[in-house]
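Let's walk through this model together, one chain at a time. Keep the picture open while you read.

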Amino acid sequence: MEKKVYEVFRQERDGKPFVHSGNVEAPDDALALQYAREMFGRRGESFRLWVVLRDAVLELSDRDLLSPALDRSFRTVQGYRLRDKLAAAQGREAGT
Amino acid sequence: MTVSSLESRTREFFERVSNGGKVEMTDWMPDDYRREVLKFIEMHANSEIMGALPEREWINRAPTIHRKLALTAKIQDEVGHSQLLYRLAEDLGKSREQMFTDLLDGRTKFHNVFHYPTYTWADAGIIAWLVDAAAILSQKALLDCSYAPYARTMAKICWEESFHIKHGYDIVVTMMNGTDRQREMVQDALNRWWGPLMQFHGPRTPRETDKDIAWGIKARANEELRQEFLSLYVPRIRELGLTIPDPNLRYDEERGVWEYTEPDWNELRSVVTGHGPRSQERLGFRRMSYEQEAWVRRAVMGRPVV
């Protein structure tokens, strides 16, 4: 057996997101779970753990793909400034 | 990569980290940075595992079952911290076996305070309260470390250390409410630990020449940490009726700094290079347990145990 690295994700309370907490090294899945419990759950600080082989994690960090230079504000709340337009519309309504 | 593109990449990297940029394990990093972070984390990991040993001496002599459980839990935490930190170091490219061998052979260091003997239960209290208090200040200065996996691990470690400090404080306060003999024991322990505590954060390396600060590895200079330690703990020590064994210790209101007798830097250098009063004994114990438990490591790997 060879040691493998497992990444550990911790859910603090039922229904909350799983947050990456660190990793453990273990020769198999059963020991990986055991080590994860000991390292990330011995104080009752975890509701649930996800233990994932590091090799199974795909990473994307290319800034060109994740933060493209093109303006993407049309996808966001901040992309729409309504104040003046809205005031004009309300004024027109009030005027009728 | 051509030489000039490596140079510009390296320059950009250091510019980024010195301006608060973060580095992940999977990112490219210059060898100098990798080596420095690795050295820093390895020393920290060594200190956590060696730091379990002086306190371990008190598990069988803890005065009550509750103290014994709490002390054992603290020691498990310290060993757990070393596991987390060795993992980080492994990801930076050095094997755990090599780190253990280097520690046992004296090629790498661990913190000065773990080279000293313990004599009474009061030592367990002073270590958990004041040694951990000094350590948590250093560790908090790493919460914003440019090497992000280390910073994240530090958040977990600091959270656990806060229980250690509280427990140590509880031990000391309980003893100070006890008999004269118990108060003497605490005073005696404080007298012995004060020197190593003042050396703990290291010599006054100026901010400007501290590579670890320039590269965003740690946020605060040695002297800043020592000053904060004094500001936080001198009043708490004194209000218990303890005397700090330094006649020159005083707060200069005008300059806003603590003055103190110059710590013995020769002692620090000699202790961390393996010449402390318990350096060799503790390393000997670590070596023994590493050898004795080799069969467990073989067993978990599914190899023959003998």
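## Ground rules

Helices (H or I, at least four residues) and strands (E, at least two) are DSSP runs, numbered from the N terminus. This is a predicted model, where local features need pLDDT of at least 70, side-chain atom pairs count only at pLDDT 80 or more, and totals for chains, interfaces and linings use all residues. Residues are numbered from 1 along each chain as its sequence is written, chains are lettered from A and ligands numbered from 1 in the order in which they are written, and side-chain values use heavy atoms, with hydrogens and water left out.

## Chain B, the overall build

Chain B holds twelve helices and two strands. Read from the N terminus, its elements go α-α-α-α-α-α-α-α-α-β-β-α-α-α.

How does chain B compare with a compact globule? The radius of gyration is taken over C-alpha atoms, and the globule rule is 2.2 Å times the number of residues to the power 0.38. For 306 residues a compact globule would come out near 19 Å, and the 21 Å of chain B agrees with that. Of those 306 residues, 53% are buried (under 20% relative accessible area; exposed is over 50%, partly exposed in between, with a 1.4 Å probe and protein chains only).

Now for contacts, meaning heavy atoms within 4.5 Å. Among the contacts in chain B with a separation of 6 or more, 73% join residues 24 or more positions apart. As for charge, Lys and Arg count as positive and Asp and Glu as negative, while His and the chain ends are not counted. Each charge is placed at NZ of Lys, CZ of Arg, CG of Asp or CD of Glu. Chain B has 42 positive and 46 negative side chains, and the centres of the two sets are 4 Å apart.

## Two loop residues in chain B

Take F114(B), which sits in the loop between α4 (96-104) and α5 (121-140) of chain B. Buried or exposed? F114(B) counts as buried, because its relative accessibility is 13%. Leaving out residues up to four places away in sequence, F114(B) touches S47(B), M50(B), G51(B), P54(B), V131(B) and R282(B). P54(B) is 60 residues from F114(B) along the chain, yet their C-alpha atoms are separated by 6.7 Å.

G241(B) is in the loop between α9 (222-238) and β1 (250-252) of chain B. With 55% relative accessibility, G241(B) counts as exposed. Its C-alpha atom is 9.0 Å from that of R183(B), 58 residues away along the chain.

Chain A has three helices and three strands, in the order β-β-α-β-α-α from the N terminus. Its radius of gyration is 24 Å, well over the 12 Å that the globule rule gives for 96 residues, so chain A is more spread out than a compact globule. The C-alpha trace of chain A spans about 80 × 35 × 15 Å along its principal axes, and 18% of its 96 residues count as buried.

How confident is the predictor here? pLDDT gives its confidence in each residue, from 0 to 100. Chain A averages 92, and 99% of its residues score at least 70. Within chain A, confidence is lowest in helix α2 (residues 63-66), with a mean of 88, and highest in strand β3 (residues 48-53), at 98.

Technical notes
pLDDT is the predictor's confidence in each residue, from 0 to 100.
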